[in-house]
Amino acid sequence: MNYSIALLRGDGIGPEIVDSAVRVLEKVGEKFGHNFSFTPYLIGGAAIDATGAPLPQETVDGCKNSDSVLLGSVGGPKWDNLPGDKRPEKALLGIRSALGLFTNLRPAKLYPALAEACPLKESVAENGFDIMIVRELTGGIYFGDRGYREGKYGKEAYDTECYSRMEIERIARVAFETARKRSKKVASVDKANVLETSRLWRKVMHEIAEEYPDVELRDVLVDNAAMQLVRNPAQFDVIVTSNMFGDILSDEASQITGSIGMLPSASLNETTVGMYEPIHGSAPDIAGKGIANPIATILSAAMMLRYSFSLSEEADCIEKAVDSVLNDGLRTSDIAAIGAPSLSTDEMTDAVIARL
Ligand code: NAD
């Protein structure tokens, strides 16, 4: 099979880690008889430098015309003082919206080999955890009406949260379908004791749950969810939640794995064109040093194979190669014990490729 992939390398360590994932995909293609073709497009600071805009139209068109998109990361101190709508990060909202990426899948998994990196108590960490956060990505307060107005105490700022039944239904279905492929448990996180949008969220979740009698649904208030994640993360499998709650909880979940350089993500729409990226940023402090951990991006490529191309065996192969690298004690500096030897980005990529 032939698959075309748009490469958005971006800034900082972005180009280094995307190139690692490309090498892994090429090897997978060779092993399983697929042809992956890669076309680079500009995004973020690199696009600002070359064209003056963080998300050139050519990039949007190129992504739309590809089978899938692999993104590194954007941003860095060089562009930090630009106005909000000219900043590299603006390109992320732009590309999500242009591709209609309403679902963000963020796995947070504690690898047994990295249990020591988990900041939670040993008695909690030793149970391990493997959570999939399903975050609604194109609605809610990040996209609602906002502005300034005259209020009771003078000028005030406001943002509004808005969710339609359709937006909740489609993310609910993604969550239930995802749970069916895992341990058939969904926790829907809301703030239904206060927010009207959450009350609709909860109602619709339960309606859609009736279509999935084999999946167990429970409601968790967001403040409780934040506590439970650090008290007993192993209780969760799939968590589905709104844009803002998902933003916060998925960062919390990633922190308790203790290794930001390990975590991939997928953003999906109704078609199979998804965008795949590591959850971390452009790490300007280590950019160009050749020491970035490429695993989050390599695992993002595995998610691409699974969710956009339905190549589960190939995705499993990458994930098993990563497990094997970790079990063999190989580490980049971000996940190595202090003073222990560590591999460069290229060496870690070679180690994964050798195990495919
Ligand atoms: P960051 O994730 O880039 O870095 C945080 C820390 O983690 C740094 O010490 C960094 O060296 C380390 N780190 C991150 N990824 C690593 C990897 N693969 N290997 C080894 N170490 C790694 O977060 P930040 O410093 O807050 O942000 C830097 C820039 O990235 C900012 O401009 C920010 O806006 C941008 N950013 C972009 C995205 C994105 O493109 N999706 C996401 C978050 C932040």
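Modeller: Gladly, and let's begin with rings: those of Phe, Tyr and Trp (its six-membered ring) pair if their centres lie within 6.5 Å, and planes under 30 degrees apart count as stacked, over 60 as edge-to-face and the rest as tilted. By this rule there are 5 aromatic pairs. Please keep in mind that this is a predicted model, in which local features need pLDDT of at least 70 and side-chain atom pairs count only at pLDDT 80 or more, while totals for chains, interfaces and linings use all residues. Residues are numbered from 1 along each chain as its sequence is written, and side-chain values use heavy atoms, with hydrogens and water left out.

Colleague: Why is the pair of Phe 36 and Phe 309 called stacked?

Modeller: The ring centres of Phe 36 and Phe 309 are 6.3 Å apart and the planes are at 20°, so the pair is stacked. That distance is within 6.5 Å and that angle is under 30 degrees.

Colleague: What makes this pair a tie between parts that are apart in sequence?

Modeller: Phe 36 belongs to strand β2 (residues 35-40), whereas Phe 309 sits in the loop between α10 (295-307) and α11 (312-327), so the pair ties together parts 273 residues apart in sequence. Helices (H or I, at least four residues) and strands (E, at least two) are DSSP runs, numbered from the N terminus. Ring pairs also bring in Tyr 3, linking Tyr 3, Phe 36 and Phe 309 into a cluster.

Colleague: How do you know whether Phe 36 and Phe 309 are buried or exposed?

Modeller: Buried means under 20% relative accessible area, exposed over 50%, and partly exposed in between (1.4 Å probe, protein chains only). Phe 36 has 8% relative accessibility, so Phe 36 counts as buried. Phe 309 is likewise at 8% and therefore buried.

Colleague: Which residues count as partly exposed, and why?

Modeller: Lys 184 is one of them, because its relative accessibility is 34%. His 206 also has 34%, so His 206 counts as partly exposed. Arg 165 gets that label because of its 33%, and Glu 319 because of its 27%. As for their places, Lys 184 is in the loop between α6 (165-180) and β8 (185-190), His 206 is in helix α7 (residues 196-209), Arg 165 is in helix α6 and Glu 319 is in helix α11.

Colleague: What makes Arg 149 lie over the face of Tyr 158?

Modeller: A charge sits over a ring if NZ of Lys or CZ of Arg is within 6 Å of the ring centre and within 35 degrees of the ring normal. Arg 149 lies over the face of Tyr 158 at 4.2 Å from the ring centre. Arg 170 lies over the face of Phe 102 at 4.1 Å from the ring centre.

Colleague: How do you know which residues surround the ligand?

Modeller: A residue is near a molecule or strand if one of its heavy atoms lies within 4 Å of it. There are 20 residues around the ligand, and the closest are Val 74, Glu 89, Gly 281, Ala 283 and Asp 285. By class, this shell has 8 nonpolar, 8 polar and 4 charged residues. Here Ala, Val, Leu, Ile, Met, Phe, Trp, Tyr, Cys and Pro count as nonpolar, Asp, Glu, Lys and Arg as charged, and the others, Gly among them, as polar.

Colleague: What backbone atoms lie by an oxygen atom of the ligand?

Modeller: A backbone N or O atom of Gly 281 lies 2.7 Å from a ligand oxygen atom. For a backbone N or O atom of Gly 76 the distance to a ligand oxygen atom is 3.1 Å, and for one of Ser 282 it is 3.1 Å. The protein covers 69% of the 810 Å² of accessible area that the ligand has on its own, by the Shrake-Rupley method with a 1.4 Å probe.

Colleague: Which value of phi does Ala 283 have?

Modeller: Ala 283 has a phi near 40°, a positive value in a residue other than glycine. Most residues other than glycine have a negative phi. Ala 283 lies in the loop between β12 (275-278) and α10.

How values were computed
Polar contact = N/O pair within 3.5 Å; in protein donor to acceptor, adjacent residues only side chain to side chain.
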